[in-house]
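Take a walk through this chain, one region at a time.

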Amino acid sequence: MHVVLVLSVLLVIVSGSQALREDFDSHPCVRECVGTSPMTCYYEMHVETYATLSKACYRCPFNITDCEREDCIASDGFRRMIYAINRQLPSPQIRVCENDRVRVKVMNHMSNGEVVSIHWHGIHQQNTNYMDGVSMLTQCPILPLTEYEYSFVASPHGTHYYHSHVGTQRGDGLAGALIVKPSTDIHLQLYQHDLMEHTLLIQDWFHVLGGGKAALHLHARDNNRPDTLLINGVAPGDVTSDDGLNVTQIPYKFLTVEKGNSYRFRVISNALMNCPIEMYIESHSLLVIASDGADIAPVITDVLVISGGERYDFVLLANQTAANYWVYLRGLTDCSQRKTQTLAILHYEGAPLAHPLSTPNSYDQRPTDVLTLNPFNMGLVNDDPTDMHLTLNKLESAETNPRWISQEPTTKVYLQLGLHRTSSPLFNVAGLYGWMDDIIDIPGGGTVLAQINSVNSILPPWPYLSQYDDIPESTFCDVGSASVNETYCQDNFCQCTHRLRVGLGEVVELVMFDRGKYWNISNHPMHIHGQFVHVMAMGQMPDLYMTREDLLKLDSAGEIKRNFDKPIKKDTIMMPNGGYVVTRFKAENPGVWFLHCHNEVHVEQGMSMVIEVGDSKQWPQTPSPAYKCGSVVKPATQSQTVSNTASTGSCLLMGLRICLLLHVLRLSQ
């Protein structure tokens with residue numbers, strides 16, 4: 001058995017030296033989906049450490065034609081290490097039809113020994129929980145020099161994406177669009193074209209690895225502000241040669257349309273840090289028709305705000321003079337401090353390939369008195385019908401209500417989100433560098449942690465789904481149980497695998513609220529795996545500060561008005577500061593599902609939890625013992641459920657040789 005494993009590793013090394021690019025654009029599964037039968041769609045993804053402006057780029061950007069060479073990634077003209085799939089940024093787009101079988105072989109060729117797993121963001125993985133791609137929750141991470149095949153049914157339809165679910169890798173290149181086209185498209189009459197080049201993956205971008213940026217932010221007081229924003233891997237801007245003698249520019253991304261036609265655009269935010277992004281297009285309105293893959297009643301807006309993990313589809317009618325128009329991406333919150341903005345160009349066929357005639361707006365010249373959909377921290381305090389802010393609770397689903405939506409929920413859960421001031425052993429040592437009163441402008445000092453119910457959640461040292469019986473019960477703490485003393489945790493550091501247990505078939509009302517108080521520009525895009533939630537109500541306190549008592553008082557007074565008439569479905573919701581979102585879902589998908597903030601620094605700090613749907617006997621069974629891995633030494637039994645120390649036993653934190661040895665031993669058993 002040991003010899004076979006070694007041979008397979010050597011074969012991976014040989015194949016990794018061959019050409020890595022696979023053309024997903026011309027894949028047989030890219031087809032019209034109305035009236036077609038499901039297909040099996042096979043892909044290969046080679047994951048490796050790579051670089052922008054690599055030698056594949058020759059003299060790019062000083063010779064612009066070199067930037068179009070195969071395997072050349074120009075990004076914003078700054079040379080840095082990245083992670084890449086098939087040497088592309090963003091990762092190659094997958095387009096399939098609803099109910100196709102998707103098979104993806106992921107080969108880990110990363111030369112620095114990192115592990116990886118791929119999450120299929122928006123795919124519900126009904127009965128295939130083990131394909132959800134969350135390391136140490138639904139699978140073992142993919143070790144270096146090994147491969148792993150994902151296989152799942154493409155459902156539900158909509159604009160989704162795939163990305164690494166290890167550390168900050170998704171912000172460094174491991175993310176790409178996953179478009180699932182429906183067999184019946186209720187919005188088909190609204191547009192004529194749905195082109196691959198009109199799928200836009202946008203994100204904040206740093207000149208260092210995201211993990212390094214996060215470490216500097218958490219351990220060395222550095223900022224977490226990006227250097228620019230990318231649109232499909234490109235940020236235009238000036239570039240100076242190494243000798244300082246030549247200056248050129250990374251060109252703008254052109255989005256081409258033909259006058260008189262209508263186009264479906266799909267926008268995906270892969271923002272890594274605290275950076276919601278505003279999008280607007282000069283002289284054009286956006287007809288928004290879907291969010292997070294779920295169809296909504298069409299609504300017109302001028303500005304669209306999209307937070308990390310969210311997706312929006314809109315129809316653009318090319319009804320202006322055939323010319324060129326500015327497309328604006330404008331970063332908010334932490335991105336606003338550097339006035340981070342990136343532009344592209346909407347190009348009408350027949351017009352010259354040139355910059356628009358108008359002078360582009362500066363960051364501070366953002367249009368006012370315009371309709372804004374999904375605004376950040378606006379439009380929730382009053383119910384003024386003249387308000388220009390289209391919040392999620394004002395949108396309407398394009399689908400009929402499920403019967404259970406108006407039922408009394410079986411389970412009602414309140415989750416307090418917030419930046420919590422506490423002394424954390426993760427980032428401080430008491431008596432040495434514990435409080436930093438002179439560094440952080442918060443009364444009493446302390447380290448601000450992103451948490452749920454004042455708990456720092458960690459993943460267990462064994463994969464939750466496949467090795468549930470290996471995990472000591474003392475590792476867990478349950479929402480609302482005696483194992484979590486929230487009063488104690490408000491003043492002390494509490495760490496555990498935070499979980500919510502619900503029965504299969506239960507109707508769950510999940511009420512999330514943000515305390516606000518500290519840094520009201522903080523952004524928590526909360527993402528749930530494995531299902532949609534219906535947005536029943538949203539609101540915000542006038543002073544942007546909310547306690548649990550405030551929320552309960554509002555609810556008991558009947559001031560939280562739930563919408564039972566076609567509330568929209570979402571899997572990622574941007575939380576209002578000092579406000580709340582009431583959601584409902586029916587627990588029909590057995591397994592273990594991650595709920596977490598999509599701001600990567602926040603989830604790394606512990607703003608996450610696991611939702612168990614059904615008991616372990618009802619969960620989908622992993623198909624192979626090769627899915628097993630984990631800590632070599634079990635943790636000592638603890639008298640308290642909530643630990644006050646950091647766990648470091650998982651395979652994610654172990655050395656490569658130990659991980660490989662553990663993997664071999666388990667395979668040979």
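Start inside a strand. His527 faces Thr572, which belongs to S33. His527 is part of strand S30, residues 524-528. The model you are looking at is predicted. S30 and strand S33 (residues 572-575) run antiparallel and share four bridges. S30 also pairs with strand S35 (residues 591-597), again in the antiparallel sense, this time over three bridges. There, Ile528 has Leu595 in S35 as its bridge partner.

Is S30 enclosed or open? Five of its five residues are buried, so S30 is largely enclosed by the rest of the structure. Look at the side chains next. His524, Met526 and Ile528 point one way. Pro525 and His527 point the other way. Residues on both sides of S30 are buried.

Now step back to the whole chain. It holds six helices and 36 strands. Of its 669 residues, 60% are buried. Take the contacts between residues at least 6 apart in sequence: 78% of them join residues at least 24 apart.

Next, find an open sheet of four strands. Their order is S3-S8-S7-S5, and the pairing is mixed. Strand S3 (91-97) and strand S5 (118-121) stand at the edges. Each has a single partner strand, so one side of each lacks a neighbour in the sheet. From one strand to the next, the twist averages 20°. What holds strands side by side? Strands of a sheet pair through backbone hydrogen bonds, either parallel or antiparallel. Strand S7 (residues 158-164) and strand S8 (residues 175-181) show the antiparallel kind, over six bridges. In this pair, Tyr161 stands opposite Ala177 in S8.

Move on to helix H4, residues 548-556. Which of its residues are buried? Leu551, Leu554 and Asp555 are. They cover an arc of only 95° around the axis, which puts them on the same side of H4. An α-helix has 3.6 residues a turn, so residues three or four places apart point the same way. The buried residues of H4 are covered by elements including strand S24 (411-422), strand S29 (507-514) and strand S34 (579-586). Turn to the face of H4 that looks away from the buried side. It carries Glu549, Lys553 and Ser556, which are exposed. After H4 comes Gly558, with a positive phi near 75°.

Finish with the rings. The chain has 14 aromatic pairs. A pair of aromatic rings is described by the distance of the centres and the angle of the planes. Tyr468 and Trp619 lie 151 residues apart, and their pair links distant parts of the chain. Tyr468 sits in the loop between strand S26 (456-457) and strand S27 (476-478). Trp619 sits in the loop between strand S36 (608-613) and helix H6 (656-668). Both residues are buried.

Elsewhere, ring pairs join Trp120, Tyr148, Tyr150, Phe152 and Tyr162 into a cluster. Arg69 lies over the face of Tyr58, 3.7 Å from the ring centre. Likewise, the charged end of Arg499 sits over the ring of Phe476, at 4.2 Å from its centre.

Key
Residues numbered from 1 in each chain as written. Predicted model: local features only at pLDDT ≥ 70, side-chain atom pairs only at ≥ 80, totals over all residues. Heavy atoms only, no water. Buried < 20%, exposed > 50% of the residue type's maximum accessible area, 1.4 Å probe, protein only. Helix = DSSP H or I, 4+ residues; strand = E, 2+ residues; numbered from the N terminus. Arc of directions from axis to C-beta. Contact = heavy atoms within 4.5 Å. Pairing = 2+ DSSP bridges. Axes fitted to C-alpha atoms, helices over the stretch in contact; angles between N-to-C directions. Phe/Tyr/Trp six-rings, centres within 6.5 Å; stacked < 30°, edge-to-face > 60°. Lys NZ or Arg CZ within 6 Å of the ring centre and 35° of its normal.
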